[in-house]
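Here is a briefing on one protein model and its ligand. Please read it with the structure open.

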Amino acid sequence: MSPSDSQSLFQPLTVGAVELPNRILMAPLTRMRATPPGDVPNDLMVEYYRQRSGAGLIVSEGTQISPIGKGYMDTPGIYSEEQVEGWRKVTDAVHAEGGRIAAQIWHVGRVSHESFHDGGLPVSASAVPYRNRATIKGPDGKPLRANCPTPRALSVEEIGGTVEDYRRATVNAREAGFDLVEIHGAHGYLLHQFLSAESNFREDEYGGSMENRARFPLEVVDAVIGAWDASHVGIRLSPQGSFNGLEDNAGLPMGLHLAGELGSRNVAFLHLSEPDWAGGPAIEDEYRHYLRATFGGAIIGAGNYTLAKAQRLLDAGLIDAAAFGRAYIANPDLAERLRTGAELTEPVGATFYGGGAEGYTDYPALAVS
Ligand code: FNR
C-alpha cells in the first residue's frame, strides 16, 4: 500500500520508523542565530522550535557536519559535544510538546568563504571558479554577502574523511535525540556539487558518468544508514532549477537515478525541493509520476506550497506530505491554522537571517478561545 492512500493532509503518515500525526511539515530554514564561537544551538532556538512542534515533522535548519562544511555566519553545527548538548535541549522541548524533529545534516562545499576557515579555501568536487556569494559576519555583527573564492578540489582521501564526518554527524544526531536525519543533497551545496556535471569535472571514479558523480553522495547515504538504519534516513534533493550559483541543467535524470538507488536502499523519505519559489520552473506531474514509480518511500514536496496545491498532489498520489518554509517562519501553529482555515501572518524577510528574538520567536500563535 502506498503511504498516500489516505486522502487528507491532516491524517497520519508513516515515514520509515516514525509516525507523523499530520502531513504539514516544517521545511528546513537557516536562521543564523546559533551562539558563537562554537556554533552552538541556544535557548532562543529551543523556544523557536518548541513553538513549531505542531508540525507533522520539523526538519531542522541545515546543521554543518564539520567546520569546513560551514558557509553562513552563526549556523549551528553537529560535530562537537557542546553542539550535541544544545540540540538535545531542542529535541527535548519539541518532544515535550508532542512533536517530532529531523536533523538536516549539511556541508556547503564551495558555498563558503575563507573567513570561516582561517584563510583556507572552501572545498568542492573541482577547483573551478564560479560566481556566488556566502554570508559572512560584517563589522557590525550583521550578515554581509561576500564573493565565494574558487574552491579547492577534495582528494580521494578527503572524500573518505568527509563520508566519515557525515557518519559522525548521524551518530551525534541520534545522541541528540532527533527522530530522523535528512541529508542535504540539494541547492548547490557539496553533494549537489558532485552530482552536477556543471560543477564536477573530476577525472577519477567520482566524476564523469552519472554513476560516478553519484558515487560520493551514495557513499554518504550508505554511511548514514550504517550509523543508524534506512528507516531513520531521508534526503533532500533539488533536481531542477538554479541555486547558489549552480545551474544544474541535467538534474532531472540524475534525480531519477538517485531515486532508484535510494529506493533500493529503503531510504525512508525523499524530500523534493522545488524551484518555482525561487524563480525556477515548476516540477511537472509527469516527473512526479516517474519519481513515485522509482522510489518506494515517502515523498515530501516543498516550495511555494499552499494547502490547495498540497491537497491536489496528495489526491493525485504524487506526494505524501508537504513542507512549508516561509509560512512556518511567520505562523508557529501553521498546521493548526491550515486545518481550521485561519488567516496566515505574512513573514518579514528582513529578519529571516541573524539577529535575536525579533522576527524569530515573536510571531504569535492564534489565541485559544
Ligand atoms: C530556506 N531553505 C532551506 N532549505 C534547506 O534545505 N536548508 C536550509 O537550511 C534552508 N534555509 C532556508 C532559509 C530561509 C530563510 C528560506 C526562505 C529558505 C529553503 C526552504 O526549505 C524551502 O524549500 C523554501 O523556503 C520554499 O518553501 P516555501 O517558503 O515556499 O514554503
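The notes below cover the ligand site, the aromatic pairs and the backbone.

This is a predicted model, in which local features need pLDDT of at least 70, side-chain atom pairs count only at pLDDT 80 or more, and totals for chains, interfaces and linings use all residues. Residues are numbered from 1 along each chain as its sequence is written, and side-chain values use heavy atoms, with hydrogens and water left out.

**Ligand site**

- The ligand has 17 residues around it; Pro-28, Thr-30, Arg-236, Asn-304 and Arg-326 come nearest (near: a heavy atom within 4 Å).
- That shell holds seven nonpolar, eight polar and two charged residues. Ala, Val, Leu, Ile, Met, Phe, Trp, Tyr, Cys and Pro count as nonpolar, Asp, Glu, Lys and Arg as charged, and the others, Gly among them, as polar.
- A ligand oxygen lies 2.7 Å from a polar backbone atom of Pro-28.
- A polar backbone atom of Asn-304 is likewise 2.7 Å from an oxygen of the ligand.
- In the side chain of His-184, an N or O atom is 3.1 Å from a ligand oxygen.
- The protein covers 94% of the 610 Å² of accessible area that the ligand has on its own (Shrake-Rupley method, 1.4 Å probe).

**Aromatic pairs**

- The whole structure contains nine aromatic pairs (ring centres within 6.5 Å, using the six-membered ring of Trp).
- Tyr-72 and Tyr-189 make an edge-to-face pair (planes over 60 degrees apart), with 6.4 Å between centres and 70 degrees between planes.
- This pair links distant parts of the chain, 117 residues apart. Tyr-72 is in the loop between β4 (58-64) and α2 (81-96), and Tyr-189 in the loop between β10 (180-184) and α4 (190-195). Helices (H or I, at least four residues) and strands (E, at least two) are DSSP runs, numbered from the N terminus.

**Backbone**

- Most residues other than glycine have a negative phi, and most peptide bonds are trans.
- Met-32, in the loop between β3 and α1, has a positive phi, near 55 degrees.
- The Pro-36 to Pro-37 peptide bond is cis, with omega near -15 degrees. Pro-37 lies in the loop between β3 (24-26) and α1 (43-51).

Methods. Polar contact = N/O pair within 3.5 Å; in protein donor to acceptor, adjacent residues only side chain to side chain. Phe/Tyr/Trp six-rings, centres within 6.5 Å; stacked < 30°, edge-to-face > 60°.
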